[in-house]
Each structure stands twice: as structure tokens, then as C-alpha cells.
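Please examine the sequence and the model before reading on.

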Amino acid sequence: MSGYFRLLYERSVKSSEEDALAAIVPLLKLLCLTVIGLVLAHPKTKVIPRATFKLLSKLVFALFLPCLIFTELGRSITLENLSQWWFIPINVLLSTGIGCVLGYLVVIICHPPPQLNRLTVIMTAFGNTGNLPLAIVGSVCHTGDNPFGQHCHSSGVAYVSLAQWVSVILAYTFVYHMMEPPLDCCEIVDERIEMEEEQADNDFSRPLLVEAEWPGIEDKETEHSKTPTIARIFNSISSTSQSTSTDIELSGGCSTDSPKSINCLAQPDVVRRMKIVAEQTPIQHIFQPPTIASLVTIIIGLIPRLKSLFFDYDAPLSFVKDSLEILARATVPSVMLVLGGMLAEGPNISKLSHQTTISIIIARLLVLPLFGIGIVTLADKLNFLVSGDPMFRFVLLLQYTTPSAILLGAIASLRGYAVREASALLFWQHIFALFSLSVYIIIYFKIVVYV
């Protein structure tokens with residue numbers, strides 16, 4: 001009898017070790033790629049200049065990632081599947097909302113400088129739902145003994161691509177306005193804009209952080225990018241000059257010569273203010289190569305005749321799909337090399353205290369995933385999730401586990417708000433994410449297989 005229990009114990013230990021290895025090995029692969037990028041870009045070696053990493057980042061953004069989305073999402077997408085994936089965007093909103101609450105608690109507990117309160121909330125709430133999850137999914141599916149089945153990679157990329165749509169919309173609306181510079185710093189920012197622009201023009205390569213995940217975002221800068229739009233519009237300003245300026249802004253193009261002037265002036269003040277905010281929200285910038293690729297692929301996938309041209313066994317345009325597949329294979333190694341190049345620059349000096357920085361890391365990487373486990377488990381019990389699909393659950397859980405999106409650094413630079421602090425937080429979060437991801441992926445493997 002004792003021999004039987006010993007055998008059960010040995011099998012249990014062996015099974016746990018195998019599960020741990022299956023979860024950790026994919027991360028070790030990604031770590032190796034990141035270290036290679038770090039060594040190549042390190043200031044002491046300078047094997048590859050920073051400008052080359054920026055070009056590689058643009059290739060990922062404009063070519064490799066769209067190819068990956070098209071080839072993998074195109075295989076999986078159908079009208080029936082799309083109707084079953086409705087919980088993915090809801091989960092992104094839930095993870096962001098819970099993250100905002102945790103970030104607000106960090107503000108209450110740690111008391112960061114008042115002008116950095118919004119940054120603290122955003123850096124806790126808004127995770128990486130794009131490149132890093134794609135890299136993790138690709139590395140996990142590359143392992144032969146993964147628990148996700150034959151269609152591991154195509155399903156994982158499809159789920160991440162759909163989540164990325166919601167995240168990009170949030171980035172160019174909610175995050176964009178949350179990261180506007182404080183009103184009391186507006187005059188200082190205005191005085192430095194010309195100096196910073198001249199410096200940027202003279203500097204051949206901006207910090208890689210700005211270009212690492214969403215290249216070209218700084219080229220989208222408008223006259224309102226570095227001004228506190230919401231604060232100026234909704235706060236009452238006492239000075240005469242500012243009041244005049246505000247009145248002009250609030251006119252929103254209302255003119256007595258215009259035939260629409262009566263309707264325009266008759267609108268409630270709040271409505272006019274909201275219209276101005278909406279006009280100054282760069283929602284049109286969501287149409288970038290990855291999101292366009294997702295949209296085109298969804299359209300093709302929902303029309304069977306079009307889908308059969310690319311994805312059937314003997315499809316007439318299968319050579320196009322095969323060519324794009326070859327390019328798509330470069331996505332994961334390129335993403336991790338660029339991440340290594342970004343980390344090689346090291347952390348910037350931050351005005352946030354060590355206490356606040358550590359609290360953000362704990363809230364984002366350790367506490368938020370616990371809420372994710374609870375929400376995904378509850379959604380599974382309520383039959384909100386795709387039945388019998390462990391990859392669906394894995395991607396949902398990853399949305400609570402990844403560090404803050406690198407895109408936040410680009411938006412901070414675009415808005416001229418807390419760029420150094422955002423850079424420092426992104427650096428330390430990605431360093432500590434190596435350990436937190438290892439622990440939680442082991443837990444997630446147990447959950448998606450046995451629950």
C-alpha cells in the first residue's frame with residue numbers, strides 16, 4: 001500500500017515538474033532573444049546602432065505583424081467564431097477598469113506628485129495586449145508538448161488580434177486624454193516645445209522607447225498634442241486673456257455669418273465642449289497597418305468565397321498566403337530583439353518615488369492577475385467562454401498579466417507628459433515581468449488544462 005502511494009506521489013511530482021518546464025521553457029526562449037537584442041544594442045558594444053533597431057521596429061509594425069495577423073487570423077475567423085469571441089473585448093475593458101481602480105489605490109497610498117497621479121493610474125491599468133502576448137503565444141505554441149492542441153498558434157494570434165483592436169481604440173481616446181500635460185505646466189511646456197522640436201530634428205535617433213511598439217506616432221503630432229485640452233475646455237479660467245481664448249475655442253467654429261450659427265449657439269455649453277474634445281481626439285490614427293490587416297482579414301474571413309481564394313487546400317491565391325507566412329515568421333524574434341534594444345538604454349531618472357514605482361509594479365504584475373483568474377473562472381462558470389478551448393482562456397488571462405504597454409511611452413512623448421517616468425516604469429516592469437510571468441504562466445497552464 002505504501003508503495004502505491006509513493007508511486008502516486010512520484011508521478012505527481014514528475015507531472016508538476018513537466019508542467020513547470022512546459023511553462024518556463026517558452027519564456028526562456030523569449031529571454032534569449034531579448035538578451036541578444038540587449039547585447040547588440042548595449043552602449044558598450046554598439047554592434048548594431050539604435051537607428052537599425054528603429055528600422056526593424058518599423059518592419060515589424062508595417063510588414064511582419066500585418067502578415068502574421070492575416071495568415072493566422074484568416075484561418076480561424078468565421079461568422080460563428082466571431083460571435084463566440086465576444087468576451088475578448090469585454091475582458092480588455094474589465095482588465096483596464098480594474099487596473100484603474102488599483103492605480104487609484106496606489107495614488108491614495110503612495111501620494112505621488114499630483115501631476116503624476118494620472119500617469120500612475122494609466123501605467124497600472126493599461127497592459128500590453130499586442131506584441132508581447134503574440135510573442136508569448138508564438139513561443140508557447142512552438143513547444144511540442146503545449147496543452148493547446150493542433151491549432152494553437154492560429155487561434156492564439158486570432159484572439160490577440162481582436163483584443164488589440166479594443167486596446168488601440170482605448171489608447172487613442174481614454175489614454176490619450178488621460179496623459180495630457182497638467183494645466184499649470186502648460187506654459188512651461190509651450191515654451192519648451194520649439195526647443196524640443198529643434199533637438200529632435202538635430203538628433204538622428206529618438207529614444208527607442210518612442211518607436212518600439214507603434215513607430216511613427218510622433219509624426220502624428222498636432223497643434224493640440226502637447227496642450228491640456230480637457231483642462232482648458234472644462235476648467236473655468238479667471239484671467240481675461242485666457243477667458244477670451246476659451247470663448248474662441250468654445251465657439252467650435254460657430255459664426256454669426258454661418259447658416260448653422262443659431263443651432264450651434266443654441267447647443268448646451270457642455271455639448272459644445274464635448275464636441276471640441278471629440279474633434280481633438282485622434283481616433284483616426286487607429287487605422288494603422290496591424291489594425292487595417294485585422295479589419296481586412298475579418299472581412300475576407302466572413303465571406304466564404306473570398307476566404308477560399310487564400311486559405312483552402314488548393315486555393316488559387318495560396319502562394320500569396322504562403323509568401324506572407326514566410327514574412328510572418330520574423331515577427332516574434334524581431335519583437336523581442338527590439339525589446340532588448342529598448343532595455344539596453346536603461347531606466348531614465350524618474351520623479352516617482354521608489355515606493356510608488358514598486359507599488360505600481362506589484363499592482364500591475366502581481367495583484368491584477370489574481371483578479372483576472374477570478375474573472376475568467378467566473379466567466380467560464382457562466383458559460384461566457386468558448387467551450388473546450390484552453391487557448392481562449394490563456395489569452396484572456398494574459399491580458400491581466402503583461403507589463404504596461406510600450407505604446408504608453410510613445411503617447412507620453414507625443415503629449416509631452418512624464419516621458420522619463422513612463423520610460424523608467426516600462427523598464428522596471430519588463431524586468432520584473434520575467435519573474436511574474438514565469439509564476440503565473442505555470443498557474444495558467446494548470447487552470448486551462450484542469451479547470
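A crossing is left-handed if the near helix is turned anticlockwise from the far one by less than a right angle, and right-handed if clockwise. Helices (H or I, at least four residues) and strands (E, at least two) are DSSP runs, numbered from the N terminus. The model is predicted, with local features needing pLDDT of at least 70 and side-chain atom pairs pLDDT 80 or more, whereas totals for chains, interfaces and linings use all residues. Residues are numbered from 1 along each chain as its sequence is written, and side-chain values use heavy atoms, without hydrogens and water.

**Exercise 1.** Describe the packing of H18 and H19.

*Solution.* Begin with the geometry: the axes of H18 (residues 354–381) and H19 (residues 390–398) come within 9 Å and cross at roughly 145°. Axes are lines fitted to C-alpha atoms, for helices over the stretch in contact, and angles run from 0 to 180 degrees between N-to-C directions. The handedness of the H18 and H19 crossing is right-handed. Next, list the residues: Gly372, Ile373, Val376 and Asp380 of H18 meet Arg393, Leu396 and Leu397 of H19, where contact means heavy atoms within 4.5 Å.

**Exercise 2.** State the secondary structure content of the protein chain.

*Solution.* Counting the runs gives 21 helices and zero strands in the protein chain.

**Exercise 3.** Which residues does Methionine 179 touch?

*Solution.* Leave out residues up to four places away in sequence; Methionine 179 then touches Arg118, Leu119, Ile122, Leu408, Ile411, Ala412, Arg415 and Tyr417.

**Exercise 4.** What share of contacts between residues at least 6 apart in sequence joins residues at least 24 apart?

*Solution.* In the protein chain, that share is 84%.
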